[in-house]
Amino acid sequence: MRWLGAGLGRKALYTVPALLCLLLFVVATPVQMVLPNLPLLRVKPDLPALLIAYAAFRLPIIVSFGLAAAAGFWRDLLTAGPIGPSVFAFTLAAILVFLLRESLSWRSLPFFPPLAGLATFAVLASSHAVRLLELRHWGGIAAAWGEFGIASALTAVISFPVGWAFDWSFRLLQAKAPEEQEEDLVEIEWL
């Protein structure tokens with residue numbers, strides 16, 4: 001019979017990357033706001049969307065959705081306007097990346113940079129659509145799609161070193177994970 005704390009070490013190891021991602025969200029959102037636009041393109045990569053994509057790619061479902069909602073709420077608090085568009089956009093991006101991960105069974109692959117671009121496009125497009133819906137103004141909806149595409153490509157390029165650094169830190173954490181295989185074998189012998 002398993003004791004109450006079985007798997008507690010493994011669960012605690014999942015909280016370390018989640019807390020690290022939450023800390024990075026708190027830092028990345030103000031950095032995103034002061035990050036200058038590229039001179040000719042007037043766009044910049046979206047750092048919180050990159051972190052959302054990575055969290056949804058590597059962490060369990062509840063943790064990644066919670067991080068997405070917290071990051072969206074933090075972005076809505078720091079920007080002018082109502083609270084809700086970024087929460088919706090980040091949660092939608094987390095759902096999209098999580099569904100792609102589960103449907104294509106990409107759990108063992110390294111972080112896939114096009115997922116960061118897809119998450120960035122989903123975040124920017126859905127938050128822009130919600131803001132236009134709130135304003136009841138649909139005149140310039142197609143003008144921003146090119147900028148969203150360029151920002152998604154920039155985020156995909158930046159995701160190479162960030163994804164490598166996060167994968168490296170996850171491998172370090174998993175190497176120190178407690179072995180629970182022996183405990184399962186003892187249970188089988190008792191049966």
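1. **Overall layout.** From the N terminus on, the elements run α-α-α-α-α-α-α. The model is predicted, so read every value below as computed from it. The chain has 191 residues, and 35% of them count as buried.

2. **H2 against H5.** Helix H2 spans residues 47-58, and helix H5 spans residues 113-135. Their axes come within 8 Å and cross at roughly 120°. That angle makes H2 oblique to H5. The crossing of H2 and H5 is right-handed.

3. **H3 against H4.** Two packed helices are described by the angle between their axes and the distance between the axes. For H3 and H4, the angle is about 155° and the axes are 7 Å apart. H3 is therefore roughly antiparallel to H4, since angles over 145 degrees count that way. The crossing of H3 and H4 is right-handed. Helix H3 covers residues 61-78, and helix H4 covers 85-104.

4. Thr79 sits in the loop between H3 and H4. Buried would require under 20%, and exposed over 50%. Pro30 is 49 residues away along the chain, yet the C-alpha atoms of Thr79 and Pro30 are separated by 9.6 Å.

5. **Salt bridges: the count.** Side chains of opposite charge can pair when their charged atoms come close. How many salt bridges does the structure hold? There are 2 salt bridges.

6. **Arg75 and Asp46.** Arg75 forms a salt bridge with Asp46, and the closest N and O atoms are 2.6 Å apart. Arg75 belongs to helix H3, while Asp46 belongs to the loop between H1 and H2, so the pair ties together parts that are 29 residues apart in sequence. Arg75 is buried, with a relative accessible area of 14%. Asp46 is buried as well, at 2% relative accessibility.

7. **Glu102 and Arg101.** Glu102 pairs with Arg101 in a salt bridge, with the closest N and O atoms 3.1 Å apart. Arg101 is at 7% relative accessibility, so Arg101 counts as buried. Glu102 is at 29%, so Glu102 counts as partly exposed.

8. **A nonpolar surface patch.** Which residues form the nonpolar patch on the surface? They are Leu19, Leu20, Leu22, Leu23, Val26, Val27 and Val31. Together they have about 570 Å² of accessible area. Take Leu22 as an example. Leu22 is placed in helix H1, which spans residues 8-34. Its relative accessibility is 32%, so Leu22 counts as partly exposed. That value passes the patch cut-off, because patch residues need over 30% relative accessible area.

9. **Ala122 in H5.** Ala122 lies in helix H5, the helix that crosses H2. At 13% relative accessibility, Ala122 counts as buried. What separates the C-alpha atoms of Ala122 and Phe148? The distance is 8.9 Å, although the two residues are 26 residues apart along the chain.

Conventions. Residues numbered from 1 in each chain as written. Predicted model: local features only at pLDDT ≥ 70, side-chain atom pairs only at ≥ 80, totals over all residues. Heavy atoms only, no water. Patch = residues over 30% accessible without salt bridge, like charges linked within 9 Å, V, L, I, M, F, W, Y side chains within 5 Å. Areas by Shrake-Rupley, 256 points an atom, 1.4 Å probe, with all protein chains shown as cover. Salt bridge = Lys/Arg side-chain N within 4 Å of Asp/Glu carboxyl O. Helix = DSSP H or I, 4+ residues; strand = E, 2+ residues; numbered from the N terminus. Buried < 20%, exposed > 50% of the residue type's maximum accessible area, 1.4 Å probe, protein only. Axes fitted to C-alpha atoms, helices over the stretch in contact; angles between N-to-C directions. Parallel < 35°, antiparallel > 145°, perpendicular 65-115°, else oblique. Left-handed = near helix turned anticlockwise from the far one by under 90°.
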